[in-house]
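Please open the structure in your viewer and keep the selection tool at hand. The stops below are meant to be visited in order, with a short account of what is there at each one.

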Amino acid sequence: MKDIMPPPPALVHQEQKAIQELFHKNVLPTYSRFDLVLNRGQGSWLFDVNGRRYLDLGGGIAVCALGHAHPAITEALVEQSRRLVHVSNLYYHEPQGRLAQKIVSHLADGKVFFCNSGAEANEGLYKLARKFGHADGRFEILTALNSFHGRTLAGIAATGQDKVKKGFEPMVPGFRHVPYNDLDSVRAALSPSTVAILIEGIQGEGGIAPASREYLLGLRALCDEKRLLLLMDGVQCGHFRTGRFQSFQRALEDTAGGEGFLPDGLSMAKSLGGGFPIGAFWVRERHAGLLGPGSHGTTYGGTPLGCAVALKVFEIIEKEGLADNARQVGEFLQRELLRLQALHPRLLANVRGVGLMIGFELARNIPAFAGSEKAPSQQMVARLQEAGVIVIPSGTHVLRLLPALNLSRAEAEQGIEIIESVLAKLA
Ligand SMILES: *Cc1c(COP(=O)(O)O)cnc(C)c1O
């Protein structure tokens with residue numbers, strides 16, 4: 001092989017500008033990217049093409065649950081790809097069955113469908129709802145203002161933010177938005193066509209807003225009363241990020257009767273594959289017959305390779321107690337950010353979150369940000385990046401921390417040090 005195969009093109013040796021030029025010439029400009037060209041990662045550290053290292057507190061937007069280049073993931077990829085990568089869903093194989101069992105064991109009796117992304121997982125929930133209401137002509141799904149459910153055509157219709165819809169009208173019919181965490185608004189918005197309610201357990205793109213326990217319990221009761229499906233999008237807030245498998249389990253853990261709370265359908269993706277693209281939705285047992293043979297499908301859903309990796313991610317999270325780590329390191333980060341807010345009340349307006357899903361909101365009218373057209377959140381991300389830490393913007397004023405679940409206390413301390421130094425310069 002060595003003799004006939006030329007060495008791979010030395011892409012990683014090209015300089016930053018040349019790589020960026022490849023993008024500008026050949027990649028659709030749908031993203032506004034930060035000025036950073038990455039080529040290697042190790043745990044919670046990322047390295048750019050110039051050899052500079054960054055502490056990654058963004059986790060690839062809540063995806064890299066075990067950080068970068070985790071040896072167990074590498075091993076699962078290598079081992080399973082030597083054995084069997086893909087067979088299609090015409091056949092059975094062990095990894096998909098075992099992964100479904102794993103997900104069910106963390107929720108309750110029910111069944112799982114596998115797909116490839118968060119948007120696609122939510123599409124499955126919309127179809128579940130349509131099927132549920134079909135016989136009596138109900139089809140409308142209520143979602144929350146400021147929500148985010150993905151970028152497919154139905155995903156942008158479901159998403160409660162105008163910016164994702166603009167220019168793509170007319171919207172897929174059957175979605176209406178109501179204020180989040182406001183049970184009365186849901187009640188008032190119900191129509192004879194309403195068949196389901198879909199919410200995020202913690203709004204992510206909307207700036208880190210957790211659903212209150214009263215809201216969750218109230219929605220459950222309302223859905224039971226009106227025969228509606230309660231659907232939850234756990235794509236960003238799920239997979240142990242809050243210290244429990246799902247955010248609603250964390251929100252209700254000290255609530256009488258809260259342990260019995262369940263949605264009727266739940267979507268997952270992001271951390272599920274730790275960086276390997278895989279999505280899924282779980283359907284509660286009583287509704288698991290709605291999507292029968294021929295009603296839904298996707299070629300790549302639940303491949304042996306994807307499922308083997310996701311099983312390994314579950315295994316490491318459980319073996320290494322990473323749910324507890326997310327809780328503890330998350331509490332440390334939030335405490336420290338609150339300290340920084342007290343220190344710099346003119347810079348930080350708010351700190352909030354659960355576990356390793358944390359948002360901090362910039363104050364309005366920070367003089368250093370006034371001169372640029374870019375949103376303050378974008379400018380702050382760039383400054384933090386320059387100082388060596390990666391975080392994710394959310395809207396115009398919020399910054400998000402969505403790091404690996406195995407982020408260490410020492411790494412969290414380094415992150416806070418860098419954030420503190422950047423704030424000190426802004427003050
Ligand atoms: C990221 C995200 C999605 C979309 O997931 P994709 O994999 O990008 O399609 C849907 N819902 C929520 C809450 C998300 O954070």
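Predicted model: local features only at pLDDT ≥ 70, side-chain atom pairs only at ≥ 80, totals over all residues.

Residues are numbered from 1 along each chain as its sequence is written, and side-chain values use heavy atoms, with hydrogens and water left out.

**The ligand**

The surrounding residues are Ser117, Gly118, Ala119, Asn122, Phe148, His149, Gly150, Glu200, Asp233, Val235, Gln236 and Lys270. Sorted by class, this shell has 3 nonpolar, 6 polar and 3 charged residues; here Ala, Val, Leu, Ile, Met, Phe, Trp, Tyr, Cys and Pro count as nonpolar, Asp, Glu, Lys and Arg as charged, and the others, Gly among them, as polar. Helix α5 (residues 118-133) gives the largest share of the shell, 3 residues; helices (H or I, at least four residues) and strands (E, at least two) are DSSP runs, numbered from the N terminus.

Next, look at the polar contacts, which are pairs of N or O atoms within 3.5 Å; within protein, one must be able to donate a hydrogen and the other to accept it, and residues adjacent in sequence count only if both atoms are side-chain atoms. Which residue places a polar side-chain atom 2.7 Å from an oxygen atom of the ligand? That residue is Lys270. A polar backbone atom of Ala119 is also 2.7 Å from an oxygen atom of the ligand, and a backbone N or O atom of Phe148 lies 3.3 Å from a nitrogen atom of the ligand. On its own the ligand has 380 Å² of accessible area, of which the protein covers 81%; accessible areas come from the Shrake-Rupley method with a 1.4 Å probe, and for residues only the protein chains shown count as cover.

**Ser147**

Now select Ser147, which is found in the loop between β5 (140-144) and α6 (153-158). Ser147 is buried, with a relative accessible area of 1%; buried means under 20% relative accessible area, exposed over 50%, and partly exposed in between (1.4 Å probe, protein chains only). A polar atom of the Ser147 side chain lies 2.6 Å from the backbone oxygen of Ala144. Leaving aside neighbours within four places in sequence, Ser147 is in contact (heavy atoms within 4.5 Å) with Ala158, Thr159, Gly160, Gln161, Glu200 and Gln203.

Move to Gly41 in strand β1 (residues 38-42), which counts as buried at 15% relative accessibility. The C-alpha atoms of Gly41 and His68 are 27 residues apart along the chain, yet they are separated by 5.1 Å. Apart from neighbours within four places in sequence, Gly41 is in contact with Leu46, Phe47, His68 and Ala69.

From there, select Ala69, in the loop between α2 (59-62) and α3 (71-83). Ala69 is partly exposed, at 46% relative accessibility, and has a positive phi of about 55° although it is not a glycine.

Look for His239 in the loop between β10 (229-233) and α10 (247-251), where His239 is buried, with a relative accessible area of 4%.

Most residues other than glycine have a negative phi, and most peptide bonds are trans.

**Leu362**

Select Leu362 in strand β14 (residues 357-362). Is Leu362 buried or exposed? Leu362 is buried, with a relative accessible area of 1%. Beyond residues up to four places away in sequence, Leu362 touches Leu347, Leu348, Ala349, Phe369, Pro376, Ser377, Met380, His397 and Leu399. Leu347 is 15 residues from Leu362 in sequence, and their C-alpha atoms are 5.7 Å apart in space.

**The cysteines**

Finally, display the cysteine sulfur atoms: the structure holds 0 disulfides (pairs of cysteine sulfur atoms within 2.5 Å). Cys115 is in no disulfide, and the nearest cysteine sulfur, that of Cys307, is 11 Å away. For Cys237, the closest cysteine sulfur is in Cys115, 16 Å away and too far for a bond.

Conventions:
Near = heavy atom within 4 Å.
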